[in-house]
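Subject: Structure handover

Hello,

Please find the structure below. My notes on it come after.

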Amino acid sequence: MADPNPFIEMPMQPTLKKPGQLTNEQVKQFFDEGFLIVEDFFSQEQLQSCRNDIEAMVDDLAKKLYAAGKIQDLHEECGLFERLTELDKEFPGAAILLFKSQKMSKSFQNIWSDEKMLNVAEQILGPDVAGHPVWNLRPKIPKNDIVIVPWHQDAAYFDTESYDHMIFTAWIPFLDTDAKNGGMQMARYGHRTGRVGRHTCSPGDTWYVLLDEEEMKNNLGVDLEKDIVTCKVPYGGMLLFQNMIPHRSLSNTSNNVRWSCDLRWQSPNEKWGFYDLQEGILFRSSKQPDLTPDWQKYLSVDRKVEWQKRYCKEQATVDDFDTRVSGPWFARWDIVHHNRHTESFKYDRK
Ligand SMILES: O=C(O)CCC(=O)C(=O)O
């Protein structure tokens, strides 16, 4: 008998629901369509703490740029949704520096290991749940091509050893999101084959991989007329999606920075698929009901520093203001468009 397809087979659901758990219909939709929008999930306090931490990160960056003489104004009068845009006008690439230097602060640790969130993770993964090492805080500044993430499957960024199991993401916005402010689009049912389509690198002036629409149609069975769904995800909610579902983010035509984070989980019994850069963190174990996550171990590795060290030519790792990004995915897919990011790539796999 063929192995069950982990991307479409819904695991047994608990009869007694734990706090925050999804209805069986919602879980079914997640497995059927490859994604699910969940509204009113996080508390105002949880999200406000994240917003405060993001403000502190932007403030740190502004002070660094100012101290180095890269900007003439700290733009302290601007709020969370404007300040980074102003910094980026004075120092193009400030948003990339923020993306490269982000640290997982306490408020982000809290939502990653949130009780309700892990209860949902159990519905998707079973009783053993780990945080996957790939997470991002995304500063999507307005009208800037560098923060438009093109069609891709998350699996394309990971090592092939991760292709046989579910890694799911919660994409959590820090404001209401829609088609106008750089919200997300999903290619419904594109996960069902369990295949990873052929991606290429790297469109425009970006470091992203790209999945062609023809490839989505011909290899992954996406109906481009019917199955492209623009997701409105309100503040307080989240978009759940899988590592095999093709998705992208749209252009931000608003005047606000679209802040969001993407956090991931998988079974700790599977490979991380993160090129041995960093392991995940165990959150729930059927064998250790009183488990406490080992944050010290997890936080002892800064994956973005590690991957820049390993995959970026020397100059890019020594300059704090270098806005190039390089990563292992450049070795995985054909580079059909060269730019400063692909040129900074060094192949030095351990
Ligand atoms: O937030 C975005 O703009 C893109 C997010 C994304 O593609 C991802 O989390 O895989």
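The model is predicted: local features need pLDDT of at least 70, side-chain atom pairs count only at pLDDT 80 or more, and totals for chains, interfaces and linings use all residues. Residue numbers start from 1 along each chain as its sequence is written.

The sheet is open and has three strands in the order β8-β5-β10, with antiparallel pairing. Strands (E, at least two residues) and helices (H or I, at least four residues) are DSSP runs, numbered from the N terminus, and two strands pair if DSSP finds at least two bridges between them. Because β8 (228–231) and β10 (247–249) each have a single partner strand, they are the edges, and one side of each has no neighbour in the sheet. On average, neighbouring strands are turned by 20° against each other, direction ignored. β5 (residues 184–187) and β10 pair through three bridges; Q185 has R248 of β10 as its bridge partner.

Helix α2 (residues 44–67) packs against helix α4 (residues 94–101) at an angle of about 120°, and their axes are 10 Å apart. Axes are lines fitted to C-alpha atoms, for helices over the stretch in contact, and angles run from 0 to 180 degrees between N-to-C directions. Residues are in contact if their C-beta atoms, placed from the backbone, lie within 7 Å. Here α2 contributes M57, V58, L61 and L65, and α4 contributes A94, L97 and L98.

Regards

Definitions and conventions. Two residues are in contact if their C-beta atoms, placed from the backbone, lie within 7 Å.
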